[in-house]
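Subject: Structure handover

Hello,

Please find the structure below. My notes on it follow.

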Amino acid sequence: MRADGHAPGRPAQDEQNAGEPLRRCARDVVEVAEDIREVSARTSAALFAPSLTASARRRPRTGLAARWALLRALTDKRGLGGPAITAPNGMGHVLGTAGEMLGRASLAALVAVTSLRLRIAAVLVDHPEFERDPGMRRLTAAVTADRDLDAVRALRTLFKDQGARRALSGLVPLIPELLAIRALLDEYPPNEETGRAPATAREPSAYPVHGIRASRLAAMDEGEGVAESVDLAEQEKQTIALEGSFLGFLRNIETLSADGRILVQNVRGPDGVVRYVVQAPGTAPGRPRNDSAQDIAGAWRNLFMADSPHTRSIRLALADHGIPRGADLALIGHGEGGIALMNLAQDEEFCRAHRITHVIAVGSPAGDEKPADPRTWIARITNQHDILPVLDGRNTGSAFDPHPNRYEVEYTGPSHEFPLCHMLRAYIEHLRSVIPEAREDVDEALALYRGPVVRTQAYRLKDRAHPPEGHPFLTLPTTSVPTTTGPVEVPVRYYDSSAAHLCFAVDADTARGLLPDVTWMVPSRLGRRALAVLSLYEHRCSTIGPYAELALSVLVDDLWRPRPYDFAADLLRRVDLRRTGRYVLSLAVGSEEARVVAREIWGQPAVRSFAQADLMGRDIGFTAPELGLAVEGRLGPGIRCPEADWVLYGRRGKSTVRTLVRAHGRLRLHTGSGVRLRLHTPAAEPMAGQLRRLGIEAARPLFALSCPQFMLHRSAGAALPR
């Protein structure tokens, strides 16, 4: 049953899903697009069939006319249109590649874009707050443009770019539709006529899943699952539960931090029998998965295929753990982990060797799949504001035949913003305060697992097919630094970011008055002027999560031997040898973890403030309502610049903290005449007050630097005796 007293999967009488008509229409449209694609494939196969080629040689007049008619039907904009040439070799491959270079889009792709527009509209009807997500904003702008060709190109680039898959982690409600469109945008899809078929992990029987053929989904299943036992850190060992309980298992999953590890615990029940509890985390939004099978692409495969690298990795981990044949297992997962564990429960061979007594999925699109063992008890707990569970294509308005041992709770929690409402810590708090009866019911079901833990072992899951994220730039040694919110790995790595730096010429004496009251820190001078930099960041994927950042800094001289114009000579030095740097006067970040890292590791005066950033194009925008600040406008013409490594200074106690920042991306130098800063508050809050004192509020930037997409890493701050 649901927490509101209604049957699972069925709406209350006064409920109405406004987005469902749009979803039904989207499914119909994408099926039309797939049919068009199949017609294109068959037409292409006929065009390059050996029999037609031989006929054209024997009877050029009729044979060539037939081939010309087929070619025109494939490429004419009034026909199938675009580069609909799917032959893998020869002239068909050449023609298809030429069409790609010319930016042609097939009729199937254009129809698929229409389907995606409908799906986006349905998602925004149900979750209007999701419109603020940067990935959704960019995708929406692409597919709702009047020029469909631009939308198709944007989508094709999105799927081809390995790094862009991180942006898809925020687009989980659209994954079924995106998968279908990916197949339609593929230049050389599986073609039954030509005999090209992907290698699959299992026989791709032609069952449809959300309108997508299993053979196309199987093509995504790359790589082998790998598992290796690893030791927990000392701090982690202190937080791992020593007694079996539902909240204890969930806290264990939270401790794993979704970094590619699972936990297996041996629990001695009240009857003296040792049973086993498998605990699997999901994919944390905005966090890289490196070489783990537990990434966003793995989530796609887990959702539509029971045999994926993630599920295979868990099987290998359990085999290594030495679980005896016939032993009882409880599977508890969050998010993607719940999908993988449900897939394991459907494995008949595994269920013949072990008895899976429970599968509990929290914030997971576990769907209505039935386990191989009908005795398995299934529980699914979902915050109705959490958009990840809609991945299974089921909503509160759909009807299905539930598993007889299914327990389902759908509740309305106080956390409405995604991804906050999907985080496991939010679910743990809600089970304590909002739906305690659900916690009690699950604990009662897990009565045989309520006992002392006699063994705990973590396993790291890997996928050999994928190199580490950000390789080679972000492949570097790290160390763990303790903070008040938990350990943080440094250097902090940013896998997908955008930035704009607005540089202002300001009065040097005013800038000096804002710096620490020490004699040896002075601003770098350009005559009587100093240089202040207002930096806008949108960090979409980093090791401390996604967040927006706004920083005000002033360029300062060498702390020991200041020399005139030393900053110009510093541009020719490596960043680790530079004497000058930028002192951070004030900093606003969008997450608590980023605020703590900035204050405790980098010595920067950070405050937490929500901000919305759009820095991917020449038209930039950055809004921080709590600060009363907005930056908007169009960057002027730009020229390519070298990589922008730099040094940041902060203060911690009586020491100056020096942080090295290395970046990798396409930096451009622009005129800043078209960009304006606006302050909408009279408050003398640190940043607003500093901006007014520097005269930046009414000034135009001297110049601007922009980088729509780049990677960077920030070292741990080194304390200097100054």
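**Helix packing**

Helices α17 and α18 are roughly perpendicular to each other, because angles of 65 to 115 degrees are given that name, while those under 35 count as roughly parallel, those over 145 as roughly antiparallel and the rest as oblique. The model is a predicted one, in which local features need pLDDT of at least 70 and side-chain atom pairs count only at pLDDT 80 or more, whereas totals for chains, interfaces and linings use all residues. Residues are numbered from 1 along each chain as its sequence is written, and side-chain values use heavy atoms, with hydrogens and water left out.

Helix α18 covers residues 436–445, and its axis lies 5 Å from that of α17 at an angle of about 95 degrees. (Axes are lines fitted to C-alpha atoms, for helices over the stretch in contact, and angles run from 0 to 180 degrees between N-to-C directions. Helices are DSSP runs of H or I with at least four residues, strands are runs of E with at least two, and both are numbered from the N terminus.) In this pair, L431, R432 and S433 of α17 meet P436, A438 and R439 of α18, where contact means heavy atoms within 4.5 Å. By class, that contact has 3 nonpolar, 1 polar and 2 charged residues. (Ala, Val, Leu, Ile, Met, Phe, Trp, Tyr, Cys and Pro count as nonpolar, Asp, Glu, Lys and Arg as charged, and the others, Gly among them, as polar.)

Helix α17 (residues 424–433) also packs with α12 (residues 246–256): their axes come within 10 Å and cross at roughly 165 degrees. The two are therefore roughly antiparallel. On the α12 side the contact residues are F246, L247, L250, R251, I253 and E254, and on the α17 side L424, R425, I428, L431 and R432. They divide into 7 nonpolar, no polar and 4 charged.

**Cis peptide bonds**

The bond from H471 to P472 is cis, with omega near 5 degrees; P472 sits in the loop between β10 (453–463) and β11 (479–481). The bond from V490 to P491 is also cis, with omega near 0 degrees, and P491 is in the loop between β12 (488–490) and β13 (492–507).

**Second largest cavity**

Its lining includes A499, H501, E643, W646, H664, C707 and F710. Strands β13, β24 (655–665) and β27 (703–714) each supply at least two of the lining residues. The lining divides into 7 nonpolar, 4 polar and 1 charged.

Regards

Key:
1 Å grid on protein atoms, 1.4 Å probe; cavity = no way out; pocket = protein on both sides within 12 Å on 5 of 7 lines; lining within 4 Å.
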